[in-house]
Amino acid sequence: MEPVHNLVKVHLPNYLANLPLPNSIGGWFRLGFRDWASLIPFFALVGGASYVTYRAIKPKLICNPSIKKDEAKVATMVNIEDLGDKTVYCRCWRSSTFPLCDGSHGAHNKETGDNVGPLVVKKKA
Ligand code: FES
């Protein structure tokens, strides 16, 4: 435990106290080459920790949460002759009967505030 104690209580405070961080905006312009060089590891560490934290907590920006995730691309072919009088296709990617709509978009919209709905294909009357 002593190495951790020394790192947190002695070495880290000494390292931070010796960083040439200016106390004014103008001070940044007066830093020399050695000052900037000594700040590189600090900013690399802070930047790396920030990036790792961002990657861990950022929202997942995907539209397909679960359908055929083992495939590189989900594509559906439908023969127009096979369509009935009316076919309702899912566009929210939440349907358990994908590519057909099962109404799951309603729960998704309620939960997220989204406004997605199905594609309805029907024959002309
Ligand atoms: S279930 Fe996805 S649009 Fe209806």
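Let's start with charge: the protein chain carries 16 positive and 10 negative charges, and their mean positions are 7 Å apart. Here Lys and Arg count as positive and Asp and Glu as negative, while His and the chain ends are not counted. Each charge is placed at NZ of Lys, CZ of Arg, CG of Asp or CD of Glu. This is a predicted model, in which local features need pLDDT of at least 70, side-chain atom pairs count only at pLDDT 80 or more, and totals for chains, interfaces and linings use all residues. Residues are numbered from 1 along each chain as its sequence is written, and side-chain values use heavy atoms, leaving out hydrogens and water.

**Helices and strands**
- The protein chain has four helices and two strands, in the order α-α-α-β-α-β along the sequence.
- Helices (H or I, at least four residues) and strands (E, at least two) are DSSP runs, numbered from the N terminus.

**Overall shape**
- The radius of gyration of the protein chain, taken over C-alpha atoms, is 28 Å, whereas a compact globule of 125 residues would have one near 14 Å.
- That globule rule is 2.2 Å times the number of residues to the power 0.38.
- The C-alpha trace spans about 80 × 40 × 30 Å along its principal axes.

**Domains**
- An automatic or database domain assignment divides the protein chain into domain 1 (2-57) and domain 2 (62-125).
- The C-alpha centres of domain 1 and domain 2 are 50 Å apart.

**Burial**
- Of the 125 residues, 14% count as buried, meaning under 20% relative accessible area (1.4 Å probe, protein chains only).

Note on methods:
Buried < 20%, exposed > 50% of the residue type's maximum accessible area, 1.4 Å probe, protein only.
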